[in-house]
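Colleague: I'm new to this one, could you walk me through it?
Modeller: Gladly, let's bring it up and go topic by topic.
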Amino acid sequence: MKKTAYMTMLCLAGSLLVATSTQAQTSKLVLREDNIEEVVNAMTTEEKVTLLVGGLPEGFKSEVKGVAGHTRPIERLGIPYTVLADGPAGLRFNPTREGTDQTFYCTGFPTSTLLASSWDPELVETVTTAMGNEVLEYGVDVLLAPGMNIHRNPLCGRNFEYYSEDPVLSGKMAAAYVRGIQSNGVGTSAKHFAANNQETNRTENDARVSSRALREIYLKNFEIVIKEGKPWTVMSSYNALNGEYTQQKQGLLTTVLRDEWGFDGIVMTDWGGKDNTVKSAKSGNDLMEPGYQMEIDRLMAAVKDGQISQEELDRNVRNLLNYIVKTPRFKGYKYSNKPNLKAHAQVARQAAQEGIVLLKNDKSTLPMNGSEKVALYGVTSVDFVPIGTGSGQVNTAYTVNMQQAMTEAGFTLDEHLAEFYRSIDAQENAVDMMERGRVTRRKHAEIAVSTKAIGLQAQANDVAVVVIGRQAGEGEDRILKDDFELSAVERELLQNVAMAYHAQGKKMIVVLNIGGVIETASWKHLADAIVLPWSPGQEGAHAVADILAGKVNPSGKLSMTFPVSYMDIPSSKNFPYDPTDRSPRRGTKRNVDFTEYEEGIWVGYRYFQTNDVEVSYPFGYGLSYTTFAYSKPTVKADANGFKATVTVTNTGKVAGREVVELYVATPAGGLEKPARELKAFGKTKMLAPGESETLTFNVSAYELASFNEDASAWETASGNYQVLFGASVTDIRCTSAFKMSKAQAWKVNDALGKK
């Protein structure tokens, strides 16, 4: 009996030693790049669930203040928290911190509309390499950018964060953006996936879109960025898509994104998840942001009752760990908090120069010689708009305004007029400070100037420059009256300035400091020249002055169409605009529960060009101070697509760069197609007068395909294709052709739901 008891005790002791040894080994287990599966197996269910919900535990302080969000740490296994911060025009967090008098400024780079107007992926990659360095040196792991929803309608409040009405241009620019940021060893988050093309009721609106329009327009740019940029993360949008929230749409987040496109990063929700956290997790949302305890509770309950399988839970956890081991924080990078902001400001200035679009230049009004006496009109000449509002904002050390930039460029300003606008700006800032305790978004409402004063100024100055400003942002769409359209005060100012200066034989130049498209057809005849710098970042006013003075030859081209009137746009009858109301409308019920994408694939130039509708300025349009000739177009087809070349020659008198846009017109028959579609583009180097360069374009058969909903397949028809080399979608300089001898098809899943 004693012997048996003794042996039992030995066995128990041995078991205890083994258990203790196992626990000791487990306690020493820490995450490495090569032991992710081992760590997954060692995690408790609570640890796994916690990892899938953003935020920091109580009492856990982040080193970087005022960022958008975090992932949670699990210290037992050496899993650090990671830091997620807003973009896309630069890093956004609180510039001040307790315990130090250092101010942590970031560079305000040009917005996406300007970058897209450069048509230069190499430039974008240079810009975002600098931007990514700030992400790295300020201790951030992921920049929540690029924003890349299609410009379906010009009233979308966040169009300044997005690139274009065309998915190829948008996708190529976004891919370059991602490559630049991630070259620093930090991540990006392509957003907002998908069909998040309005801010009105953005959290609940149901976007009802055909499978063809989704595949060809609203998802194609995301497909390009996934395949060519390889972002670390993708952000699922707030809205529903064909009756199901995108955050819970498995066909979108898993079938299309992962199975078809090969995405291998993490999917995170936009900030503020939906009630059905469990469905989001099962559908492919790995990370819930910004993270709430109730989401942890829901997931824990779902694991216990079998709604979420261990396999599904481990899949999401594995994705998170694969992300975490790539981050600077996991790798122990010692960030400096001192990026080279001076050098980055110069990058921002160069980028702005490359993306500014010259819309009009009658009788070579521009460039000026740089020594003129200038009457500079408009409240935005002082209150210059570098970037939009909301998560797209950046806390910068300064913003150069037009008065400063023009003076530094050598122009002499009418000082009485300049002081008039400075005093208005000071008064408005004082009102903002008193009423709200801080400077908030300004509407940039124009101030009237008397006809008598303008007449006297026309006599005293050589030229007039009128700056028109607009600012929009997250959470609110733009309005038609006094925003898309000019206000009565702006119209009167333009008319009176034009009349007074033209009577003196002098010119009026208009600068459009705007984030998105505005109406121009009714007033552009008044201006002798129109310069479009968009919202060009903190150094953008310098870039405008460089263009006006002829120090830089403009080479930007429009990434979207400027219509004659708002209702010419097919989406306008289904966009929830209000011509007068400026108040937020996120929770109202007036035509915002759903949006019918009734226009299908007929977005932007695809509609205007195919239906021969007059526009104010066409897609791809932009002037230069020199001229270019296109010659020697060639196209050589093979089974994989075609290769095209064209030679561009500078036939003018000054050096410049030219954007060449390659459009394709498909054979008749089969699916209804646009008259022409952008399939590739290129930008020359700086060409001296008389100098030439040959550009080469490669387009695959898959890139020529259209989506057949009935067959759920991409199809490239056989037959004769026209290849058009254009300076814009309407300005085709030369053409060639090739024959696709055999039709091709790529079957995909019918995973997106019916409209």
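Colleague: Which residues do ring pairs link into a cluster?
Modeller: The cluster consists of Trp119, Tyr605, Phe619, Tyr663 and Phe681, joined to one another through ring pairs. Please keep in mind that this is a predicted model.

Colleague: How many aromatic pairs does the count come to?
Modeller: The count comes to 24 aromatic pairs. Among them is the pair of Tyr377 and Tyr501, which is edge-to-face because the planes of the rings stand at 90 degrees, with the centres 6.3 Å apart. This pair links distant parts of the chain, since Tyr377 belongs to strand β11 (residues 373-377) and Tyr501 to helix α19 (residues 488-503), 124 residues apart.

Colleague: And are those two tyrosines, Tyr377 and Tyr501, buried or exposed?
Modeller: Tyr377 is buried, with a relative accessible area of 0%, and Tyr501 is buried with a relative accessible area of 0% as well. Another edge-to-face pair is made by Phe420 and Tyr421, with 5.0 Å from centre to centre and 70 degrees between the planes. Here Phe420 is partly exposed, with a relative accessible area of 28%, while Tyr421 counts as buried at 1% relative accessibility.

Colleague: Switching to helices, why is α20 described as largely enclosed?
Modeller: Helix α20 (residues 540-548) has nine of its nine residues buried, so the rest of the structure largely encloses it. The buried residues of α20 include His542 and Asp546, along with Val544, Ile547 and Leu548.

Colleague: What covers the buried residues of α20?
Modeller: The cover includes α14 (341-355), α15 (402-408), β14 (507-513) and β15. After α20 comes Gly550, whose phi is positive, near 80 degrees.

Colleague: How many residues of α8 are buried?
Modeller: In helix α8 (residues 220-228), seven of the nine residues are buried, so this helix is also largely enclosed by the rest of the structure. Lys220 and Glu223 are among the buried residues of α8, as are Phe222 and Ile224. Their cover includes α6 (167-182), β4 (187-193), α7 (211-218), β6 (233-236), α9 (250-260) and β25 (713-716). Lys230 follows α8, and its phi is positive, near 55 degrees.

Colleague: You mentioned β15, so which strand do bridges join to it?
Modeller: Strand β15 (residues 529-532) is joined to β10 by four bridges, and the two run antiparallel. Within that pairing, Asn361 has Ala529 in β15 as its bridge partner. Strand β10 (residues 357-361) has five of its five residues buried, so the rest of the structure largely encloses this strand.

Colleague: Where is there a hairpin?
Modeller: Strands β26 and β27 form one, with five residues between them. β26 (residues 719-726) and β27 (residues 732-740) pair in the antiparallel sense over eight bridges, and Phe725 stands opposite Cys734 in β27.

Colleague: Last topic, how many cavities of 30 Å³ or more does the structure hold?
Modeller: The structure holds six of them, and the largest cavity has a volume of about 190 Å³. That largest cavity is lined by 19 residues, with His151, Arg152, Pro154, Glu165 and Thr561 lying nearest its centre. Its lining divides into nine nonpolar, seven polar and three charged residues.

Colleague: And what lines the second largest cavity?
Modeller: The lining of the second largest cavity includes Cys156, Phe160, Arg470, Arg478 and Asp483, and the cavity holds about 60 Å³ of space. The residues of this lining divide into three nonpolar, five polar and three charged.

Key
Residues are numbered from 1 along each chain as its sequence is written. This is a predicted model: local features need pLDDT of at least 70, side-chain atom pairs count only at pLDDT 80 or more; totals for chains, interfaces and linings use all residues. Side-chain values use heavy atoms; hydrogens and water are left out. Buried means under 20% relative accessible area, exposed over 50%, partly exposed in between (1.4 Å probe, protein chains only). Two strands pair if DSSP finds at least two bridges between them. On a 1 Å grid over the protein atoms alone, a cavity is a set of points where a 1.4 Å probe fits but cannot get out, and a pocket is an open set with protein on both sides within 12 Å along at least five of seven lines; lining residues have an atom within 4 Å of a point. Grid points are joined across faces, edges and corners, and a volume is the space filled by probe spheres set on the points. Ala, Val, Leu, Ile, Met, Phe, Trp, Tyr, Cys and Pro count as nonpolar, Asp, Glu, Lys and Arg as charged, and the others, Gly among them, as polar. Contact means heavy atoms within 4.5 Å. Rings of Phe, Tyr and Trp (its six-membered ring) pair if their centres lie within 6.5 Å; planes under 30 degrees apart count as stacked, over 60 as edge-to-face and the rest as tilted.
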